[in-house]
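I am opening a notebook on a structure that is new to me, and I want to write down what I looked up, one element at a time.

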Amino acid sequence: MALLSALLAFTACLTVMGFIYWRTGHDEAGALRRHVTEEAAVLNDVYLSAGRPALRRAIGDTLGANDPEYFAATLDGQGRGRSGNVEALVDPSQPIAPGYRTGLVRVRSHRVPLDAGYLLRPLDNGDWLVSGRGYGARASLQRTLERSILIASILSVLLGLLCGILIARYVGRRVEAIAEVADRVTGGDLDQRVPIAGNGDAFDALGGRINHMLDRIGTLMGELRMVTDALAHDLRSPVGRLRARVDAALRAPREERETLLAGVIQEADSLMRILGTVLEIGRSEAMASRNQFAPLDAAGLVAELAEMYEPLAEDAGVSLRVEAGAPRLGLLGHRQLLAQALSNLVDNALAYGASGGEILLFARERHGRVEVGVADKGPGIPPEDRDEARRRFGRLDSSRSRAGAGLGLALAEAVAHLHEGALQLDDNCPGLRATLVLRPDATR
């Protein structure tokens with residue numbers, strides 16, 4: 001990371017300084033050309049207005065300023081000097097022609113030819129007027145820029161390394177903290193969490209997601225331990241009854257054996273229902289059923305369940321109503337699991353809320369979500385007991401005298417999570433309103 005930071009800093013510095021170098025040279029060349037053109041125009045005006053004698057005097061006066069970079073003279077047709085401080089144009093291969101050009105010029109005050117920009121204008125009798133300036137100032141500026149680029153490049157590498165080291169150490173500390181938590185969690189300490197600095201950077205966002213994941217894992221592990229204990233506890237009674245019925249059937253006379261075996265089958269069915277519900281919850285939480293999602297009509301699903309449960313409601317003396325907010329509520333989901341979850345809610349309402357005399361099955365769209373659920377007029381669930389009611393094998397009946405395993409709401413909540421939703425338990429004033437709040441499209 002430090003080397004990468006140094007390389008990026010060096011590249012950025014070199015790019016900026018290269019642009020400055022090119023732009024400065026380009027602007028300096030343009031300024032030199034404008035200056036040479038203006039000086040040559042003055043001498044040409046003198047020649048046009050007063051002739052050669054005035055031109056020679058003007059050249060002498062201009063050279064009298066002792067500017068080491070300036071030169072002016074009259075040349076013959078071969079480029080050799082007749083007057084002024086120019087001996088000759090060094091590059092005889094270029095034909096003499098009017099206009100601005102660059103090249104070497106041999107000036108009397110310089111030992112070596114001068115790299116310059118100059119302007120040629122024709123005179124009478126085949127002679128030429130030359131006026132120009134050397135690149136001395138420009139060359140000095142270029143050398144200064146070159147030295148500056150070298151120094152800036154060295155500084156950029158050093159500062160880039162320093163910044164890279166500081167960034168690498170900061171990133172290393174944050175990553176090391178996350179890795180240390182991961183190692184401790186791997187060792188079995190699920191209470192460890194990634195420290196959050198609180199500055200809202202990407203590491204805090206990553207740490208928050210990891211902590212949320214660890215919270216979810218901790219919850220699932222706790223539920224797994226609880227399910228193991230509860231399953232062993234809740235299966236003890238039906239298994240004991242099953243064994244007692246089998247033993248009684250073995251000892252009973254032949255004419256009583258069929259009755260006793262029917263009880264055995266009933267106890268076995270009860271065990272199969274408990275195990276099947278546990279498997280459905282596990283499958284829902286494992287998100288293993290998403291490939292079976294299909295478009296369905298939530299209002300139609302509620303109406304079908306109401307028609308199926310209507311005879312049971314009449315036997316229990318309960319009025320069963322349906323309330324759908326729209327003729328068709330589109331939903332992409334698992335029809336079988338949703339039907340099972342709603343069936344569990346209706347079963348709970350019939351078992352615990354039938355005293356209210358009314359059960360409502362509803363489907364509606366609200367705030368961009370599809371809500372389906374069951375409401376009754378029974379005693380309801382106190383707010384402080386609702387978390388226990390959601391828990392697997394959670395039983396508000398501490399004596400466990402009522403039939404059931406306490407898995408109905410747990411399955412409904414697992415199905416809601418599968419559809420990226422939630423199970424809400426609210427007061428129905430009186431009674432309980434259990435709502436599955438689902439996303440219309442849970443395939444994302």
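Predicted model: local features only at pLDDT ≥ 70, side-chain atom pairs only at ≥ 80, totals over all residues.

**Entry 1: strand β1.** I began with β1, which spans residues 70–75, and asked how many of its six residues are buried. The count is six of the six, so the strand is largely enclosed by the rest of the structure. In a regular strand the side chains alternate between the two faces of the sheet.

**Entry 2: the partners of β1.** Next I looked up which strands β1 is joined to. Six bridges link β1 to β6 (residues 128–134) in an antiparallel arrangement, and there Ala73 has Val130 as its bridge partner. Three bridges link β1 to β2 (residues 81–84), also running antiparallel, with Thr74 standing opposite Ser83. The hairpin of β1 and β2 has five residues between the strands, and in it I noted that Gly79 takes a positive phi near 90 degrees.

**Entry 3: a second sheet.** I then turned to an open sheet of five strands, which I wrote down in the order β8-β10-β11-β13-β12, with mixed pairing. Which strands stand at its edges? They are β8 (319–324) and β12 (422–427), and each has a single partner strand, so one side of each is left without a neighbour in the sheet. On average, neighbouring strands here are turned by 15 degrees against each other, direction ignored. Within the sheet, β11 (residues 369–376) and β13 (residues 432–438) run antiparallel and are joined by six bridges, and Val370 stands opposite Leu438 of β13. Helix α6 packs on this sheet, where it touches β10 (358–366), β11 and β13, and its direction makes about 25 degrees with that of β11.

**Entry 4: helices α6 and α8.** Last, I followed α6 (residues 335–352) to α8 (residues 408–418), and found that their axes come within 9 Å and cross at roughly 150 degrees. The crossing is left-handed. Among the residues that meet there are Leu337, Leu338 and Ala341 in α6, and Leu411, Ala412 and Val415 in α8.

Note on methods. Residues numbered from 1 in each chain as written. Heavy atoms only, no water. Buried < 20%, exposed > 50% of the residue type's maximum accessible area, 1.4 Å probe, protein only. Helix = DSSP H or I, 4+ residues; strand = E, 2+ residues; numbered from the N terminus. Pairing = 2+ DSSP bridges. Axes fitted to C-alpha atoms, helices over the stretch in contact; angles between N-to-C directions. Left-handed = near helix turned anticlockwise from the far one by under 90°. Contact = heavy atoms within 4.5 Å.
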